[in-house]
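Let's take a friendly walk through this model, one region at a time. Keep the 3D view open as you read.

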Amino acid sequence: MPLVDPSLLDLHDALLFDLDGTLMHGSRPIPHGAEAVAAARTAGRPVAFATNNASRTPEQAAEHLRGIGIPAEAAEFVTSPQVATRLLAQDLEPGAKVLVVGGPSLAEQVRADGLEPVEADAEDVVAVVQGWSPDLGWRRLAEGAYAIRRGVRWMATNVDATLPTEQGLAPGNGSMVAALRHATGAVPEVAGKPEPGMFEVAAARSGARHALVIGDRLDTDIEGGVRAGLATLLVLTGVDGVENALRAEPVRRPTYITPDLEQLTAPFPLPVVDRDRVRCGPVGATWRDGDITLTGEVQDPRVLRAVLALLRTHSPDAAWTGRLLDADGAEVRPGSR
């Protein structure tokens with residue numbers, strides 16, 4: 001019998017999923033997401049959900065996933081509010097007052113870690129924690145500005161500029177953080193992705209040695225995974241596409257790229273590198289003075305595996321600035337985006 005190539009699921013012992021843009025757009029599930037999570041569970045792979053979204057507690061986030069057809073438990077979540085408040089709690093006295101520039105779920109997390117959440121600045125406020133909330137307005141931002149200008153510690157759960165929704169990309173927490181940066185001149189500490197802590201915690205909880213980080217953003221999911229020393233998969237269902245991924249700095253360059261999560265359990269032949277040449281199934285790529293020449297069908301998804309393999313060996317320390325060429329020397333753009 002012919003040998004069958006292992007799947008991505010076979011190659012990794014735990015899956016660490018982003019949520020927004022990877023498994024869902026707001027309340028709308030992304031096709032193949034639920035099936036991918038179910039396949040991982042069936043195969044006995046631990047699953048974790050690593051999210052920068054500060055608007056829900058782990059219990060609420062699990063309930064939201066269940067509502068769109070993805071069974072989940074609160075213990076499977078690692079959230080940026082959890083990381084943010086635990087970092088504060090490590091250094092502050094129990095019961096210290098923390099001004100919450102965010103919603104009720106962030107305040108609940110502050111309280112869960114032994115600190116006192118407050119809504120207005122005062123002399124005894126010792127820190128500000130900021131996370132996304134759909135109801136965040138000028139008055140709470142102003143309270144945050146007053147405290148930050150006094151010099152208190154400022155912790156942002158994350159700095160995602162945008163948030164994928166059913167209607168498109170909406171302002172994320174990073175956009176609100178930018179407003180306070182502009183108003184105060186201060187720079188916050190950041191707890192969530194792209195800091196590696198969320199993925200390090202998720203991998204450790206899972207007992208994984210070869211976890212796979214799955215996300216749609218280069219500047220959060222992929223960078224966070226790379227900085228944690230983990231393999232990364234960029235899915236093209238959210239923010240970033242193929243061109244950005246191939247041109248990214250190495251810290252934001254994914255290990256793999258797929259259109260969505262349908263390919264998670266399919267045979268996934270890996271590229272074979274021979275100096276300046278790479279083969280991946282029926283397609284290949286060759287490095288020539290910074291340019292990459294493709295052979296075979298340039299829209300075959302395996303082309304991207306070959307190209308990424310060449311970039312890892314020939315451009316490991318800098319963003320790639322060359323051209324992608326077909327066998328006739330014409331410039332091409334592989335992939336669906």
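Predicted model: local features only at pLDDT ≥ 70, side-chain atom pairs only at ≥ 80, totals over all residues.

How do the strands of a sheet hold on to one another in general? They pair through backbone hydrogen bonds, either parallel or antiparallel. Both kinds can be found around S19. Strand S18 (residues 283-288) pairs with S19 in the antiparallel sense over 5 bridges, and Gly284 has Thr295 of S19 as its bridge partner. With strand S20 (residues 324-325), S19 pairs in the parallel sense over 2 bridges.

How many residues of S19 are buried? Strand S19 (residues 291-295) is mostly covered, with 4 of its 5 residues buried.

Leaving out residues up to four places away in sequence, Leu310 touches Arg275, Asp276, Val278, Ala285, Thr286, Trp287, Ile292 and Ser315. For a sense of scale, Leu310 and Leu87 are 39 Å apart in space, C-alpha to C-alpha, and 223 residues apart in sequence.

Now look at the hairpin turn. S18 and S19 form a hairpin with 2 residues between them, and Asp289 has its place in the loop between these strands. Is Asp289 buried or exposed? Asp289 counts as exposed because its relative accessibility is 83%.

## Two helix pairs

Two packed helices are described by the angle between their axes and the distance between the axes. For helix H6 (residues 138-149) and helix H7 (residues 173-184), the angle is about 45 degrees and the axes are 10 Å apart. H6 and H7 are therefore oblique to each other, and H6 passes H7 in a right-handed crossing. On the H6 side, the contact is made by Leu141, Ala145, Ile148 and Arg149; on the H7 side, it is made by Met176, Leu180, Ala183 and Thr184. By class, these residues divide into 6 nonpolar, 1 polar and 1 charged.

Helix H4 (residues 80-91) and helix H5 (residues 104-112) form another pair to inspect: their axes come within 9 Å and cross at roughly 40 degrees. H4 and H5 are therefore oblique to each other, and their crossing is right-handed. Pro81, Gln82 and Thr85 of H4 meet Leu106, Gln109 and Val110 of H5 in this contact. The contact of H4 with H5 has 3 nonpolar, 3 polar and no charged residues.

## Backbone details worth a look

Most residues other than glycine have a negative phi, and most peptide bonds are trans. His32 has a positive phi, near 80 degrees, and is found in the loop between strand S3 (28-29) and helix H2 (33-42). His32 counts as partly exposed because its relative accessibility is 26%. Asp289, in the hairpin turn, also has a positive phi, near 50 degrees.

Where is the cis peptide bond? It joins Lys193 and Pro194, with omega at about 15 degrees. Pro194 is found in the loop between strand S12 (189-190) and helix H8 (197-206).

Ser7 lies in the segment before helix H1 (8-11). With a relative accessible area of 5%, Ser7 is buried. What does Ser7 contact, leaving aside its neighbours within four places in sequence? Ser7 is in contact with Leu264, Thr265, Ala266 and Phe268.

Notes: Residues numbered from 1 in each chain as written. Heavy atoms only, no water. Axes fitted to C-alpha atoms, helices over the stretch in contact; angles between N-to-C directions. Parallel < 35°, antiparallel > 145°, perpendicular 65-115°, else oblique. Left-handed = near helix turned anticlockwise from the far one by under 90°. Contact = heavy atoms within 4.5 Å. Nonpolar A, V, L, I, M, F, W, Y, C, P; charged D, E, K, R; others polar. Buried < 20%, exposed > 50% of the residue type's maximum accessible area, 1.4 Å probe, protein only. Pairing = 2+ DSSP bridges.
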